[in-house]
Amino acid sequence: MTGKEAASSQRRPIVVATIAIAAAVAIGLATSRGLAAGPEATPPSPHANDYLPSISDLMIATIQPRHERLWRAEQDGNWEFAAYELGNLHGAFDRLGHAHPVEHDVSFPDMIASVTEQPFKELRSAIQSKDATAFTQAYADLTDACNSCHQALNHGVVEIRVYRPGRPRRT
């Protein structure tokens, strides 16, 4: 080992220790300032960190994937997972209505319930009885219900379709 290499390897632990001490001091100062500010400090706005995803965001991020996983679970004959995803889908719709209580001057939770209640009952029954034919019909009814809601909200361009292998896709 050359003299330069030896000096460099001896300095490395000192540099690491110095960085660690500096980080600890910085964290300590930040923490003490927060504690020193005490109760008279101005609290952050109750809405400072709020983020409300749009209906479209929630549809794409939560509803659509659960709708598709429900279909795939049945296609795989995995009735337990289908029941699980049906519960997730129902909960996602509930949260969507809670996040956006009014849409186009209409109660959004009521609208969601009015179009999904019957298909959800039919899906639950089909899953419990492991009836693929009844499931296919109930799933189509749910998909139609979703599309009717899109139409009612002037988003008819958003059309949910069930892909079936062998069926030509629209271009």
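Q: How many aromatic pairs does the structure hold?

A: The model is a predicted one. The structure holds six aromatic pairs. Ring centres must lie within 6.5 Å for a pair to be counted. One of the pairs joins Trp-71 and Tyr-139, whose ring centres are 4.9 Å apart.

Q: What is the angle between the ring planes of Trp-71 and Tyr-139, and which kind of pair is it?

A: Planes under 30 degrees apart count as stacked, those over 60 as edge-to-face, and the rest as tilted. The planes of Trp-71 and Tyr-139 stand at 40 degrees, so this pair is tilted.

Q: Which parts of the chain does the pair of Trp-71 and Tyr-139 tie together?

A: Trp-71 belongs to helix H2 and Tyr-139 to helix H5, so the pair links parts that are 68 residues apart in sequence. Both residues also belong to one aromatic cluster, formed by Trp-71, Trp-79, Phe-135 and Tyr-139.

Q: Does one call Trp-71 buried or exposed, and is Tyr-139 buried or exposed?

A: A residue counts as buried under 20% relative accessible area and as exposed over 50%. Trp-71 has 11% relative accessibility and therefore counts as buried. Tyr-139, at 3%, is likewise counted as buried.

Q: Which kind of aromatic pair do Phe-93 and Phe-120 form?

A: Phe-93 and Phe-120 form an edge-to-face pair, with 65 degrees between the planes and 6.1 Å from centre to centre. Phe-93 lies in helix H3 and Phe-120 in helix H4, so this pair ties together parts that are 27 residues apart in sequence. Phe-93 is buried, with a relative accessible area of 7%, and Phe-120 is buried at 2%.

Q: Which residues does Thr-116 touch, apart from those up to four places away in sequence?

A: Contact is judged by heavy atoms within 4.5 Å. By that reading, Thr-116 touches Phe-93 and Leu-142. Thr-116 lies in helix H4 and is buried, its relative accessible area being 5%.

Q: Where is Leu-52 found, and is Leu-52 buried or exposed?

A: Leu-52 is found in the loop between helix H1 (3-37) and H2. At 51% relative accessibility, Leu-52 counts as exposed. Setting aside neighbours within four places in sequence, Leu-52 is in contact with Ala-99 and His-100. Leu-52 and His-100 are 48 residues apart along the chain, and their C-alpha atoms are separated by 8.9 Å.

Q: What pattern does the protein chain follow along the sequence?

A: The protein chain has five helices and two strands, and their order along the sequence is α-α-α-β-β-α-α. Of its 171 residues, 25% count as buried. The protein chain exposes about 11,900 Å², of which carbon and sulfur atoms supply 58%. Among contacts with a separation of 6 or more, 52% are between residues 24 or more positions apart.

How values were computed
Residues numbered from 1 in each chain as written. Predicted model: local features only at pLDDT ≥ 70, side-chain atom pairs only at ≥ 80, totals over all residues. Heavy atoms only, no water. Helix = DSSP H or I, 4+ residues; strand = E, 2+ residues; numbered from the N terminus. Buried < 20%, exposed > 50% of the residue type's maximum accessible area, 1.4 Å probe, protein only. Areas by Shrake-Rupley, 256 points an atom, 1.4 Å probe, with all protein chains shown as cover.
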